[in-house]
Amino acid sequence: MTKYIGILTSGGDSPGLNAAIRGVGKASLNHYGMHIIGFRDGFRGLMENRTMRLDGGQLSDILTRGGTILGTSRDKPHRMPVGGKVLDMTDVIVGNYHDNHLDALVCLGGGGTQKNALRLKEKGLNVITLPKTIDNDVAMTDTTFGFDTALGIATEAIDRLHSTAHSHHRIIVVEIMGHRAGWLALGAGIAGGADVILIPEIPYEVESVAEAIRERSRSGKPFSIVAVAEGAISMQEHLAMLAAQDKKPKTKGGKKGAAIPPAHATEIQYADHTLRLAKKLEQLTGLEARVTILGHLQRGGIPSAADRLLATRLGTACADLINEGHYGVMVAAKGDGTRAVKLDDVAGKVKTVPPDHPWVESARRVGTNMGD
Ligand code: F6P
């Protein structure tokens, strides 16, 4: 029996999405003789039944393209803005799945997408996901596609900032994406030789950062690069947040909200935080400071070779699983291969940087100040 599969991309776009669509599409069409249709703009397109043919031609010439040919959105099936209200559209989505005679739905996305996919699985749909995000924060997979490309972009930015920081004897504070995880700032900071790396998982003392910068000046290097994750937090803010959590009434099960990592507890004022940090470092060191916010540059453009390879490996493994009728899983990267991980084991988890992770240890060994 020919299988019919639908595919969508959800959440922030990420380099490698088109490579993954091509991987799933070509393997399912050409190797297994399945039918595949795309839904536009994530779960919203599935709710509105806006489809895109993916029958061969559309899958050509997209391997190297950035973004996603399907479009994406951050809409959630159970909380979708419709006509000025926020409604649960899950039943409409389930209806469209059946109206399109789908045997499986492939969702390419990050942490939020894994949760949404699990909800649809619980409604009886055959769902299968792939882990994509530049943040590298999806649980149960070695890595996510998009991360390697963003790592390269952020590292190149740090390389370029070095020469201007050096020439002007300045501090350059470069803000790197990653949401509530520090993988991108840590990886790019190490690869770019940042003098200070601040990540959400290690609350920082601004005086420790200032002293590291002053020490560099004393040793004849009156310039510094501070790589700061957008979710980084000072120890002072961290303690204030814990105290606020402590005051919160206990939840039904008697437990309080998770205390670690701290930045999960609140909305993060990304750019504002970085600007304030730069100002403070100016005051404490007497050096001039400048801020560079890399922002969405890190998500744009062609995917790296490593991301194209990873997305293709995961995409073709996804087609294999659909062929076997193995659903309710995320196709995770595991060493050189892949493995199917139950959505229940992934959804709702965030893979943050363990403070004693080998990358952190390496950064410290080469003299990088981690803010503590
Ligand atoms: O999850 C990817 C990511 O780029 C995060 O690093 C960042 O915090 C967020 O998305 C930005 O989201 P948006 O593109 O919706 O502003």
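How many Å separate the centres of domain 1 and domain 2, taken over C-alpha atoms? In this predicted model, the figure is 32 Å.

**View 1. Two domains, each built from two stretches of chain.** The domain assignment gives 4-145 plus 303-335 as domain 1, and 149-299 plus 354-365 as domain 2. Where the two meet, 11 residues of domain 1 are in contact with 10 residues of domain 2.

**View 2. The ligand lies between the domains.** Why put it there? Domain 1 and domain 2 both give residues to the shell around the ligand, so it lies between them. As for the space that the ligand takes, this is the largest pocket.

**View 3. A shell of 11 residues surrounds the ligand.** Sorted by class, the shell has 4 charged, 4 polar and 3 nonpolar residues.

**View 4. Ligand oxygen atoms pair up with polar atoms of Asp-135, Glu-230 and Gly-178.** Start with Glu-230: one of its polar side-chain atoms sits 2.6 Å from an oxygen atom of the ligand. For Asp-135, again through a polar side-chain atom, the distance to a ligand oxygen is 2.7 Å.

Definitions and conventions: Residues are numbered from 1 along each chain as its sequence is written. This is a predicted model: local features need pLDDT of at least 70, side-chain atom pairs count only at pLDDT 80 or more; totals for chains, interfaces and linings use all residues. Side-chain values use heavy atoms; hydrogens and water are left out. A residue is near a molecule or strand if one of its heavy atoms lies within 4 Å of it. A polar contact is a pair of N or O atoms within 3.5 Å; within protein, one must be able to donate a hydrogen and the other to accept it, and residues adjacent in sequence count only if both atoms are side-chain atoms. On a 1 Å grid over the protein atoms alone, a cavity is a set of points where a 1.4 Å probe fits but cannot get out, and a pocket is an open set with protein on both sides within 12 Å along at least five of seven lines; lining residues have an atom within 4 Å of a point. A molecule sits in a cavity or pocket if more than half of its atoms lie within 2 Å of its grid points. Ala, Val, Leu, Ile, Met, Phe, Trp, Tyr, Cys and Pro count as nonpolar, Asp, Glu, Lys and Arg as charged, and the others, Gly among them, as polar. Domain bounds come from an automatic or database domain assignment. Contact means heavy atoms within 4.5 Å.
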